[in-house]
Amino acid sequence: MKTKPMKYMLTLAAALTLGGSFAAPFVYPAKWSADPASAAKKGGDYRESTISDYKTINPFTSAEARSIPNYFMSLGTGLFTQDQTNDSFIPHMAESMPEISNSGKRFVVKIRQGMKFSDGQPITADDWITTYKIHTDDKVGSNAYDSFFINDKPITVKKLGEYTLQFDFPQQSATAFVTMNYTPWPDHVFGKAYTAGGAEAVKKLWGLNVDPATVVTAGAFTLQSYSAGQRAVLKRNPNFGEWNKDSAGVALPYLDTVTLKIVKDLNASLASYLAGELDVYGPRNADDLAQITKANTAGTLKSTLIPNVSPAASSQWITFNWNKADSPFKQKLFRDVRFRRAMSMVANREAMVQLALGGLGVPTYYSVYPVFKKYISDSAPKYPYNLDGASKLLAQMGFTKKGSDGILVNAQGQKLEFTMATNSGNTTREQLGRIFADEAKKIGVKVNFTPIDFNVLVGQLTAKGESRPFDAILLGLSGGDNIWPYGANVVPCGTNLHSYNNPTNGKCATAQEQLMTKLFYQGDSTVDQAERQKIGLQLLNTEASLQPVIFLVGGSYHVAYNNRLGGQAPRDQMDSYYGSRGIETTYIK
Amino acid sequence: MTALPTPIQPAPPRTTARAQSQLQVAWGQFCRNRLASTGGVFIILLYVLAIFAPFVAPDGLSNYSTTSITRYHAPTPLHFRDPKTGAWGLYVEKFAQTMNPTTFLQEFRPTGEKCPVRWFLPGDTYRILGIAGNLHLFGTGNPNCKIFLWGAEGLGRDLFTRTIYASQISLTIGVLSVLISTLIGMVMGSLAAYFRGWVDNVINRFIEVISAIPYLFLLILLRSLFPQGANPILVLFLLLCILAFISWGDLARTIRSQLLSVREQDYVTAANALGSSQGRIMFRHMLPSMTSYLIVTLSLAIPGTILLESGLSFLGIGAVEPYVSWGTLLNQTQDGGIASITDRPWMLIPGFFIVFTVMCYQLLGDGLRDAFDPRKRQ
Amino acid sequence: MVTFLFRRLLNLLPTFLLATVLVFSIIQLAPGDFLTPAKLNPGISEQQLRNLAEQFGLNKPVWQQYFQWLWNLLHGNLGLSFSYTQPVLDVAWPRVVNSFKLVLVNLVLFYAISIPLGVYGAVRQYSFGDRISGVVFYFLLGFPSFFLALLTIFGILKFRQATGLNVPMIGMTSDGYDSLGLLGKFWDTLKHLLIPGLVAAVGGVAGFTRVLRGQMLEHLRSDFVRTARSKGVPEFWVIYRHTFRNAIIPFVAGIGGLLPGLIGGAGFVEVVFSYPGITPMLLDAIGAQDFYLVAAFSILPMVLLFLGNAISDILLAVADPRIRFN
């Protein structure tokens with residue numbers, strides 16, 4: 001994920017608190033939580049699970065979005081945060097909204113005073129500067145490196161005073177607030193190491209065998225212990241509560257500890273939840289929902305299940321390779337918009353939802369995840385399941401008769417046959433591909449569908465050149481944000497996930513691609529949300545009529561939590577993008 | 001896995017005084033062992049079933065409907081008598097699928113339509129041993145009202161059909177690879193034991209080197225190196241063969257150490273003293289002492305590859321669509337987790353086929369060993 | 001004996017080198033590298049990918065990577081794990097220890113079940129119990145371990161829901177583990193190990209039991225046992241002193257081969273039970289193409305196999321005086 005909007009920690013009251021060295025604490029207003037603040041209790045342990053082992057506690061070498069340093073130790077940090085009712089940004093660690101000058105490219109931010117790290121040291125501008133320096137040092141290899149560049153031009157951060165920062169952007173940016181939102185890490189730990197030993201010294205800090213007492217964070221929780229491959233335990237950062245209160249004035253977070261269990265197998269995770277050993281679980285499918293419902297009804301588990309909260313923030317699609325110099329027939333075929341529209345008509349999305357997703361999902365036609373409703377318009381072209389329509393389009397292309405094996409051939413005797421790959425081990429994708437191939441067979445298109453190793457698949461997909469090594473690939477994407485929901489390395493020509501057309505010189509092959517590239521950069525630098533949405537819809541229309549990638553189906557996002565938990569978001573604020581609860585305001589009943 | 005048990009010491013061959021040949025004696029012994037011969041009979045039945053799978057199966061391997069959904073269709077009960085008319089005759093009912101919005105379970109309710117079960121009816125075409133046919137043992141002949149003896153799987157395909165089709169792959173794919181590794185292991189072990197010296201040394205070091213190969217990684221790697229268009233079942237077969245080429249080490253070591261002690265036996269010394277050639281000593285005198293050991297090894301190794309294939313399926317590199325093995329079917333069950341056990345227990349059937357087959361092979365091997373071992377004769 | 005050991009060591013060197021080349025080239029042959037998944041991340045630029053490649057040395061020629069790795073290996077440095085950005089040994093060692101614990105419990109259970117069964121089978125040959133235990137364990141032998149593990153987890157879940165008893169289901173320790181005393185910690189871990197240990201053990205019981213039974217039978221019919229019986233030695237003594245101890249000799253000789261198995265982990269059982277052992281980490285490392293971590297998990301058992309085989313040879317010589325080292 002490029003951007004990582006903070007979750008649930010904002011208050012309008014905070015935005016009004018201005019000036020003065022005695023900064024009033026942030027107050028979490030009651031409307032962010034489904035339970036009143038007066039019901040909250042202090043203490044207790046919150047338990048959730050993860051399926052991949054944690055790799056490090058070091059925020060500069062950590063790569064995963066939901067890792068300990070990038071997520072759990074960053075809870076409640078960031079100059080600004082996103083308000084999930086209207087997607088706008090409001091100040092958090094900043095005292096106020098920034099002063100904007102230089103035609104929207106310079107931001108001067110006043111930092112809230114009186115904030116302290118978990119070890120009691122004050123949080124000042126130096127911490128942001130040091131963090132920025134280390135993230136942008138290419139020898140460190142930080143995952144956040146890219147977020148400090150726009151089109152290869154750097155964003156700069158300067159210290160104007162002990163509590164004042166200045167951000168200079170090379171151009172206007174829609175995601176400027178996300179960029180400025182990075183978590184400050186202590187200058188007195190990382191800055192010291194960086195000055196003394198450079199990038200190498202920083203990378204050596206805070207490995208998994210770190211002494212938890214030396215781990216310092218600005219966020220709501222800090223590390224208590226980690227046991228290899230089993231669990232990490234986080235404990236409350238007492239200094240966080242000095243500047244973060246609930247609407248009743250109680251210091252946050254409520255929880256004493258957060259236990260993160262490492263569970264390799266999701267079925268084991270479900271069993272754990274059913275046995276009451278986990279407080280939250282993300283149900284994957286109808287099976288999980290059925291199991292939880294059954295346990296709830298039988299009374300062996302007291303938990304709340306909210307099915308179909310929103311569509312998932314991910315996509316499943318088929319891409320066709322336009323760079324097949326080694327097979328002019330296929331290259332011409334895949335570049336023909338009629339062929340791609342026909343393939344979209346072959347995709348029986350209803351059957352895919354019923355069979356592969358167990359009825360819990362929606363057909364999708366566009367690259368924007370269905371959860372980002374603001375950027376989707378149903379007026380954009382779509383080519384739903386219609387085998388007759390597909391046959392007609394193929395007939396227009398010259399595929400009028402079938403051979404003895406039932407496969408369509410053109411006048412030159414070329415068979416309508418191609419290979420489609422997906423990554424092995426993903427049951428849902430294997431079923432989607434199977435259904436697609438079986439439907440295609442009905443109109444005489446032979447799809448050789450094979451699941452292959454994930455790394456090989458990605459290698460093929462991201463290959464550059466005039467003849468790239470695949471026909472079609474079925475895969476999925478996740479990540480991205482709701483500010484500008486188009487991928488910087490997906491839409492523009494020449495980027496590595498511009499999967500359908502990626503020649504050596506990176507040039508667009510069609511006028512529509514050029515238009516989409518232009519619209520992408522235009523939207524990316526448009527700060528005004530309404531204006532940006534308009535550009536987004538134009539992009540959506542262009543993309544949908546070109547059909548470079550055929551979108552299939554999207555799953556549903558479900559929420560399940562044990563009834564001993566309180567403080568989740570109201571139902572209408574939950575979705576797959578914002579999640580279901582802020583851990584800072586979660587409490588144990 | 002726990003350590004493999006060290007096999008028994010081979011019995012020194014003894015000449016039988018009677019005119020019966022060694023084989024005849026063993027066969028007589030084997031037939032008297034009821035457990036073992038039952039195992040053997042079942043193995044033969046399984047192979048016969050596998051050969052005639054397309055005929056026995058009521059449906060084609062990959063048939064399902066996208067309009068009338070039969071995802072995880074429960075087994076259809078067979079009715080012998082129409083309760084309304086009182087007429088006799090085998091039939092199944094047609095079911096309609098709905099998802100219960102409160103329990104999230106698939107529910108199948110009878111629509112009232114009755115589909116008589118017919119025998120020897122035409123259906124999907126197939127080939128058995130090269131002979132084309134389209135006759136099926138039983139079925140309804142109505143693609144929207146199928147008979148699901150053992151229910152249906154994730155896409156709504158008939159599990160009974162898929163399970164017996166899967167036996168074709170599961171029962172055969174491992175046999176050749178086992179033969180290859182046994183042959184290599186036997187030859188290498190005997191060479192090392194007989195020649196000793198530098199031959200022994202080189203072979204032993206070679207075993208150590210190949211045992212260092214990260215075979216899990218190698219399999220995943222090799223799977224990804226095969227061209228995408230390659231037939232997946234051929235790829236799986238080649239994978240198992242390659243595995244055979246690197247997995248003979250243990251066998252060779254055991255054979256070597258056993259032959260080393262046989263080598264000191266009087267009859268070998270005698271043969272040496274009588275001037276027999278080295279080759280003759282090896283093949284006439286030393287290797288026969290390993291017969292019973294090899295039979296046991298084979299009876300252990302063949303079901304071993306059935307389990308291995310299921311393990312590969314667990315990792316997603318076993319038999320893949322459009323082919324199907326017991327391992328792939330079991331992996332679908334495993335993916336479903338607890339739901340597979342509580343909501344659709346028929347998905348466990350392919351797993352029990354694995355268990356049953358392995359057990360039969362073991363009983364067979366055990367019986368054969370006893371039959372070949374003169375000290376265990378009853 | 002000393003010269004034999006010395007020669008063994010001398011032999012070891014080329015074997016070891018060859019094995020490292022083999023391991024390294026197989027790993028390098030794999031398509032893609034550690035950064036391949038990063039390419040699918042919409043937020044990572046090509047500049048960033050190049051930075052990372054340089055940082056992990058992935059842009060150097062393969063032979064250079066090999067020699068650097070070998071050089072480090074000879075200094076006891078197994079390299080850096082890409083995904084953990086830490087020395088491989090630090091990352092892998094806790095998992096090796098965890099797996100060792102599980103395998104130890106597994107072995108104890110394995111022998112505790114199979115030895116009495118084997119002895120019983122020989123003493124009461126063809127009795128009802130002998131036949132039943134044979135069939136039951138052959139039945140269990142057929143279960144793929146991951147499948148048996150899933151069934152077991154389901155069984156524990158149902159048991160817990162029915163009785164409310166806190167039977168450990170997955171993992172290696174309970175949540176409050178850190179606050180327990182030394183004895184409490186031991187007991188807590190043991191509780192978690194018993195069931196996965198048993199699941200991993202039952203598969204092999206049948207084979208071992210049958211072989212031990214065969215060995216016992218052979219010795220029970222031998223002359224010295226008959227002599228002992230006729231001397232009036234108690235039956236118990238005959239079985240345990242005269243028969244069992246002889247029957248067990250070949251297994252003792254095979255103990256060396258157990259060494260790599262001891263750290264090899266309990267396979268897929270670890271995955272399904274979410275046990276923090278070697279197998280889950282190895283599978284992750286393979287998936288992430290974390291080269292040096294995979295290499296370490298291949299080299300470590302190899303070294304132990306060398307040691308184990310040497311021990312086996314020595315034990316064999318001790319047990320069977322007819323074999324000489326020349």
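Trainee: How do you know that the span of helix α14 of chain B agrees with its number of residues?
Mentor: Helices here are DSSP runs of H or I with at least four residues, numbered from the N terminus. The expected span is 1.5 Å times one less than the number of residues. For the 24 residues of α14(B), residues 349-372, that gives 34 Å, and the end C-alpha atoms are 34 Å apart, so the two agree. Bear in mind that this is a predicted model, where local features need pLDDT of at least 70 and side-chain atom pairs count only at pLDDT 80 or more, while totals for chains, interfaces and linings use all residues. Residues are numbered from 1 along each chain as its sequence is written, chains are lettered from A in the order in which they are written, and side-chain values use heavy atoms, without hydrogens and water.

Trainee: Why is α14(B) called largely enclosed?
Mentor: Because 20 of its 24 residues are buried, meaning under 20% relative accessible area with a 1.4 Å probe, protein chains only.

Trainee: What makes Asp343(B) and Lys294(A) a salt bridge?
Mentor: The rule asks for a side-chain nitrogen of Lys or Arg within 4 Å of a carboxyl oxygen of Asp or Glu. Their closest N and O atoms are 2.5 Å apart, and the count between chain A and chain B is two salt bridges.

Trainee: How many residues does each chain bring to the contact?
Mentor: Chain A brings 36 and chain B brings 30, with contact meaning heavy atoms within 4.5 Å.

Terms used: Helices (H or I, at least four residues) and strands (E, at least two) are DSSP runs, numbered from the N terminus. Buried means under 20% relative accessible area, exposed over 50%, partly exposed in between (1.4 Å probe, protein chains only).
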